[in-house]
Amino acid sequence: MSSLRASRLRAAKATLPPSSVPDGTRRRILEVALQLFANEGFHGTSVRDVAKALDLQPSALYAHFPSKDHVLAELVRVGHEVHASGLRAALAGACDDPIDQICALVRAHTLVHACYPHLAVVVNEEIYALTADLAAPALAIRAQSMALLHGVLERGVAMGRFSVPDKAATAAALSAIGVRIPYWYEPTEALSLDALADVHVELSLRMLRAYRSPDGRRA
């Protein structure tokens, strides 16, 4: 792990979205594990480390999760569901024009990664520590999210709203645009969350060759 990653993530407390997991011991376990997994990595964190941070005996954790792997699997699932819910809500609030829809998706994608950096890091990096069966629920959600993006992209290309050299490669590039946010971004007056989302929207539109005129109309 780079010192940059460690310093940025350690400087902030790991949190889960309010409605993602009910309050209680299970949520406390997940948030402490999230902090440790993001800072030290899944393999660099033991059940004893999580229990110590919670002032519990390691055996107490097993009343809520069968293993450390299941804790990670739940975090990864929650992260994917939070992301997917944000995308679905953004798409539902957009008009039928594929440019407006892609803008909404990119904005939602950016905000999730910026608002929950620990969760984004664990989801994107530590999922590979899971066995196929434990990763499967999260990967199924990821496939649904990618299907949303592909659907908007394909419709935009078919309507002549987007011009891309390859749809699969472009979809992969769009989905990757927010992944590095946890490693460098800190909200400032010069670059607020909304301003960051605006930048990513503009970069995405340039990638798609779908420019908007200064008055906000699609070009």
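**View 1. Helix H5 passes helix H7 in a left-handed crossing.** Left-handed means that the near helix is turned anticlockwise from the far one by less than a right angle. The contact (heavy atoms within 4.5 Å) is made by Leu72, Leu75, Val76, Gly79 and His80 of H5 and by Leu119, Val122, Val123 and Glu126 of H7. The model is predicted: local features need pLDDT of at least 70, side-chain atom pairs count only at pLDDT 80 or more, and totals for chains, interfaces and linings use all residues. Residues are numbered from 1 along each chain as its sequence is written, and side-chain values use heavy atoms, without hydrogens and water.

**View 2. The axes of H5 (residues 68-93) and H7 (residues 117-126) cross at roughly 110°.** They come within 9 Å. H5 is therefore roughly perpendicular to H7 (65 to 115 degrees). Helices are DSSP runs of H or I, at least four residues, numbered from the N terminus. Axes are lines fitted to C-alpha atoms over the stretch in contact, with angles from 0 to 180 degrees between N-to-C directions.

**View 3. Glu74 of helix H5 is buried, at 15% relative accessible area.** Buried means under 20%, exposed over 50%, partly exposed in between (1.4 Å probe, protein chains only). Leaving aside neighbours within four places in sequence, Glu74 contacts Arg26, Leu30 and Phe65.

**View 4. The whole structure holds two aromatic pairs.** Phe37 and Phe42 pair edge-to-face, 5.3 Å centre to centre and 70° between planes. Rings of Phe, Tyr and Trp (its six-membered ring) pair with centres within 6.5 Å; planes over 60 degrees apart count as edge-to-face. Both Phe37 and Phe42 are buried.

**View 5. Trp184 and Tyr185 form an edge-to-face pair.** Their ring centres lie 5.5 Å apart, with planes at 75°. Trp184 is partly exposed, at 40%. Tyr185 is buried, at 8%.

Note on methods: Helices (H or I, at least four residues) and strands (E, at least two) are DSSP runs, numbered from the N terminus. Angles under 35 degrees count as roughly parallel, over 145 as roughly antiparallel, 65 to 115 as roughly perpendicular and the rest as oblique. Rings of Phe, Tyr and Trp (its six-membered ring) pair if their centres lie within 6.5 Å; planes under 30 degrees apart count as stacked, over 60 as edge-to-face and the rest as tilted.
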